[in-house]
Amino acid sequence: QAQLVESGGGLVQTGDSLRLSCVHSGRTFGRDIMAWFRQVPGKDREFVAVSGIAGGEYYADAVKGRFTVSRDDARTTLYLQMNRLKPEDTAMYYCAASKRWTTQVNEYPTWGQGTQVTVSS
């Protein structure tokens, strides 16, 4: 099973940008659906964005127009470019891998450990 390692989180101010990265260590990256989720303590993990094998993308309404998901198959890396950040974007961000095109948390069997994003007002 692949291992996923996120990086790029940090403390930023409202309106700033960050780029998260997720390195996929397995041999299946080119065949995996890759997604970003986020979670705030005490709340359910929520879908942020998904990247398909053939380049398809889909975003949660809360981030549409501000966040962009992309993938580099040669580097087996998933990215999340986050622009115009808001305090409500503060969360632990996780990447995940699945064989299904889905936004459902329980359909992703492989997860990273997360990277914290904090946006100050």
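Which residue lies over the face of W111, and at what distance from the ring centre?

Modeller: R45 does, at 4.7 Å from the ring centre of W111. A charge is taken to sit over a ring if NZ of Lys or CZ of Arg is within 6 Å of the ring centre and within 35 degrees of the ring normal. R45 also lies over the face of Y94, where the distance to the ring centre is 3.7 Å.

Some ground rules come before the rest. This is a predicted model, in which local features need pLDDT of at least 70 and side-chain atom pairs count only at pLDDT 80 or more, while totals for chains, interfaces and linings use all residues. Residues are numbered from 1 along each chain as its sequence is written, and side-chain values use heavy atoms, with hydrogens and water left out.

Now the ring pairs. Rings of Phe, Tyr and Trp (the six-membered ring of Trp) pair if their centres lie within 6.5 Å; planes under 30 degrees apart are stacked, over 60 edge-to-face, and the rest tilted. The count by this rule is 6 aromatic pairs. One of them joins F37 and F47, edge-to-face, with 5.9 Å from centre to centre and 75 degrees between the planes. F37 belongs to strand β4 (residues 33-39) and F47 to strand β5 (residues 46-51), so this pair ties together parts 10 residues apart in sequence. Strands here are DSSP runs of E with at least two residues, numbered from the N terminus. Both F37 and F47 are buried, where buried means under 20% relative accessible area, exposed over 50%, and partly exposed in between (1.4 Å probe, protein chains only).

The two rings under R45 form a pair of their own. The centres of Y94 and W111 are 6.4 Å apart and their planes stand at 80 degrees, so the pair is edge-to-face. It links distant parts of the chain, with Y94 in strand β9 (residues 91-98) and W111 in strand β10 (residues 110-111), 17 residues apart. Y94 has 12% relative accessibility and therefore counts as buried, whereas W111, at 22%, counts as partly exposed.

Ring pairs also connect these residues into a cluster made of F37, F47, Y58, Y94, Y108 and W111.

R84 is not a glycine, yet its phi is positive, about 50 degrees. Most residues other than glycine have a negative phi.

Conventions:
Helix = DSSP H or I, 4+ residues; strand = E, 2+ residues; numbered from the N terminus.
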